[in-house]
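Please keep the sequence and the structure at hand while reading.

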Amino acid sequence: MERRQPPQTEEGWYVLHDFRSIDWDAWRDAPERRRSQAIDEGIDYLTAAENVADANEGDSATFAVLGHKADLLVLHLRPTLGDIDALERRFEHTALAEFTERADSYLSVTEVSGYMSQDYFDDDAEMEDAGMARYIESRLKPEIPDAEFLSFYPMSKRRGPDHNWYELPFDERAEYLSNHGEIGKGYAGRVTQIISGSLGLDDFEWGITLFGDDPTDVKELLYEMRFDPSSSRFAEFGRFLSARRFPPENLGAYLAGDRVPQEGGDAHGGHHHGDSDSSGHHHGGSDSGGHHGESGGHHGDSSGSHGDSSAGGRPGSDGEDVRSELEEIGVYAGQPHGEDVHAVVLYSEADADDLFDEVDGLRTNFDHYDTHVKTAVYEPSDAGSRGDDAENAIVSLWETERAANTAAGFLADLPDIVRQAGDDDSDSWGTMGMFYTVKPDHREDFVGTFGDVAGLLADMDGHRKTDLLVNREDENDMFIASRWDSREDAMQFFRSDAFGETVEFGRDILADRPRHVFLA
């Protein structure tokens, strides 16, 4: 008898959905002193959990559950079961716990499987795709998306006499999952998910948590997926629970029956993650993409990441040294818009009109996220390299690295993508882009000056290629992409009199400060 080979999996953080019901009669009858103590201790506990004060990394969030199944949901992600266990017991020591009972819970662990990338599990293979490696890491250690609405449900794959998922060959299962994931791409920017495995940990095989700012987006996604064979033939669902996120400091308002989140405050109680540089959550960053079931594709805002998202260098990286060195010679090498922005740049040989139509559709979804700064198509200028290797570029800027990683996966599926910034950083060094906004009256002056500088670059040692690209929607928005044999070759140019004169020239013709974004 043939035995099916299960796909390999790797596990990441443990996930606890802790559902609590409130004894409202006891709450109403309690003296004000006890209620105040419960609120204060509840806020302290929830705030500490969301700040990950108990562990080196992880995430937590607080939700008001809708309907009769529970009142509160506290969602925890932590590296170990010991961390989860301690959080559960610590809550029981608060005065708030006296007014609650556990209505339900679900324990699971984040995972990736061989459906996503077999190379990841092959001892003899190397993960050459840095974007995919980062994406897998974001699935194993996801952030809770900064969206208001949550829908949670457990599910398993069917093992019936007519349809048995586990009797299918691997390739057939992989095809089902791939087709299922294509549906989720249409909801990029609107629905985000965390998928975690629960075999041996809880009653079903997976826990699915969907996040979105508009509950109808979640409803439409699930409705469409119900017609896909991966769901219609092979999925068994548990009960669904819906909730709305609110910051811990709104706990008193919640218990008083007031609207939460309260108007005028931080809707999601921005906080520090144990392993994050950002001070809050992002929209679109928790791209734990998978399927109804085994991990390996899309389900809403989730995708394999194929773009590089380094912008200006990560803390402690070579990029920090580059910015400091350039600052000393009077060159601003900060991030675009003066923020800690993460950039994704991909190059395509597709027709610019067709490419723009595709990007415009994705951008509409990206704009649902506060962390989305900009996504645009840039075309090579007549003053740039217009030879056989001339390519259009897609530039996408985000406030968080995880959001950029998620976006990169969708952008990588655009037509005729030939490469991404950072793919060849092992044997070369380059800028992701030197961004310039030119005063309209001086556009031709800028383009002419670039032509002069390009002539100088052609004769410089270590120079490989430099292109001037223009935003398809704004001819005054340009960036210069440049590649060198090494960092030192590039720095020789930046130290040169020719570049210094160009910087001085730009002060008079640019609408704002140049923004140099380095891959390093």
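The points below treat salt bridges and then surface charge.

The model is a predicted one. It holds 26 salt bridges, and a selection of them is described here.

**Salt bridge between glutamate 57 and lysine 141**
- Glutamate 57 pairs with lysine 141, and their closest N and O atoms are 3.4 Å apart.
- Because glutamate 57 lies in the loop between α2 (32–50) and β2 (59–66) and lysine 141 in the loop between α4 (130–140) and β5 (149–157), the pair ties together parts that are 84 residues apart in sequence.
- Glutamate 57 is buried at a relative accessible area of 19%, whereas lysine 141 is partly exposed at 23%.

**Salt bridge between arginine 190 and aspartate 217**
- Arginine 190 forms a salt bridge with aspartate 217, with 3.2 Å between the closest N and O atoms.
- Arginine 190 sits in the loop between α5 (170–185) and β6 (192–197) and aspartate 217 in helix α6, so that the pair links distant parts of the chain, 27 residues apart.
- Arginine 190 counts as buried because its relative accessibility is 19%, under the 20% limit.
- Aspartate 217 is also buried, with a relative accessible area of 9%.

**Further salt bridges**
- Aspartate 467 and lysine 465 form a salt bridge whose closest N and O atoms are 3.4 Å apart, and both residues are buried.

**Negative surface patch**
- A patch of negative charge on the surface gathers Asp213, Asp214, Glu220, Glu224, Asp370 and Glu399.
- Within this patch, aspartate 214 occupies the loop between β7 (206–212) and α6 (215–226) and is partly exposed, at a relative accessible area of 34%.

Definitions and conventions. Residues numbered from 1 in each chain as written. Predicted model: local features only at pLDDT ≥ 70, side-chain atom pairs only at ≥ 80, totals over all residues. Heavy atoms only, no water. Patch = residues over 30% accessible without salt bridge, like charges linked within 9 Å, V, L, I, M, F, W, Y side chains within 5 Å. Areas by Shrake-Rupley, 256 points an atom, 1.4 Å probe, with all protein chains shown as cover. Salt bridge = Lys/Arg side-chain N within 4 Å of Asp/Glu carboxyl O. Lys, Arg positive; Asp, Glu negative; His and termini not counted. Charge placed at Lys NZ, Arg CZ, Asp CG, Glu CD. Helix = DSSP H or I, 4+ residues; strand = E, 2+ residues; numbered from the N terminus. Buried < 20%, exposed > 50% of the residue type's maximum accessible area, 1.4 Å probe, protein only.
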